[in-house]
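Okay, thanks for coming, everyone.

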Amino acid sequence: MKNIVILISGRGSNMEAIVRAGIPGARICAVLSNRADAAGLVFAREHGIETGVIDHRQYPTREAFDDALRQEIDRYATDLVVLAGFMRILTPGFTRHYEGRMLNIHPSLLPAFTGLHTHQRAIDAGCKLAGCTVHFVTAELDHGPIVAQAAVPVLANDDEASLAARVLAEEHRLYPQVIGWFAADRLVWHDGRVNLNQDAGASAALISPRA
Ligand code: GRF
């Protein structure tokens with residue numbers, strides 16, 4: 001059984017999808033937030049999951065905040081940290097501590113469109129495909145090894161909201177699937193890349209995996 005702690009800052013719909021998925025081999029120990037008003041905390045509490053708030057405004061430096069967060073996470077003998085809309089830039093010391101055991105979901109097909117406003121930027125660039133990426137977290141924002149991606153079409157009449165909704169539906173499917181792979185020890189590192197164990201055919205391009 002893998003102990004999992006999920007970090008959120010707001011709505012928490014990805015966290016909700018992960019909890020609702022009931023992933024075999026994964027125990028959701030806690031949902032932590034840097035914001036007391038994160039809507040997702042309500043869902044977590046209603047589902048009997050421990051919650052915690054570590055308010056970044058109470059700490060003088062990023063390092064001090066990350067230290068407090070790390071202590072809270074490590075209380076659960078955590079095997080995997082799941083960033084799900086956690087809107088803080090993390091220090092290199094923090095990302096190093098969780099190397100190979102911290103995932104993030106980003107709403108673009110990385111390495112395109114790191115950072116914010118990904119959907120509008122994909123529309124503005126005339127992209128015909130958009131999507132989401134689950135990757136391991138490294139010190140460089142939105143740059144860690146890619147585990148899986150899901151792609152959706154960008155339609156001619158899309159605006160930011162309609163594209164975001166189409167991508168989000170894929171996020172809710174993809175993230176629990178990847179966490180399931182982690183829980184089943186199916187993610188294999190090779191030369192700084194991540195492949196899927198016992199499923200060699202799926203490793204090259206995990207576009208909309210249905211495994
Ligand atoms: C998602 O689009 C995710 O890809 C990004 O932040 C958003 C979080 O949404 N990192 P939610 O809080 O999971 O609903």
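Predicted model: local features only at pLDDT ≥ 70, side-chain atom pairs only at ≥ 80, totals over all residues.

Residues are numbered from 1 along each chain as its sequence is written, and side-chain values use heavy atoms, with hydrogens and water left out.

By pocket I mean an open set of points on a 1 Å grid over the protein atoms alone, where a 1.4 Å probe fits, with protein on both sides within 12 Å along at least five of seven lines; lining residues have an atom within 4 Å of a point. The largest pocket holds about 950 Å³, where volume is the space filled by probe spheres set on the points, joined across faces, edges and corners.

Its lining has 36 residues, and Gly-85, Met-87, Ile-105, Pro-107 and Leu-116 are the ones nearest the centre. At least two lining residues come from each of α1 (13-21), β5 (102-106), α5 (118-124) and α6 (160-183); these are DSSP runs numbered from the N terminus, helices being H or I of at least four residues and strands E of at least two. The top contributor is α6, with four residues.

So what's in there? The ligand sits in this largest pocket, meaning more than half of its atoms lie within 2 Å of the grid points. Around the ligand you'll find Arg-11, Gly-12, Ser-13, Asn-14, Gly-85, Ile-105, Pro-107 and Glu-171, each with a heavy atom within 4 Å.

Now the polar contacts, which are pairs of N or O atoms within 3.5 Å. The Ser-13 side chain puts an N or O atom 2.5 Å from a ligand oxygen. For Glu-171, a polar side-chain atom is 2.7 Å from an oxygen of the ligand. Asn-14 uses a backbone N or O atom instead, 2.9 Å from a ligand oxygen. Taken alone, the ligand exposes 370 Å², and the protein buries 85% of that, by Shrake-Rupley with a 1.4 Å probe.

Where is Pro-111? In the loop between β5 and α5, and the peptide bond from Leu-110 to Pro-111 is cis, omega near 10 degrees. Phe-113 is in the loop between β5 and α5 too, with a positive phi near 55 degrees despite not being glycine. Asp-142, also not a glycine, has a positive phi of about 60 degrees; look for Asp-142 in the loop between β6 (129-136) and β7 (146-153).

How values were computed: Polar contact = N/O pair within 3.5 Å; in protein donor to acceptor, adjacent residues only side chain to side chain.
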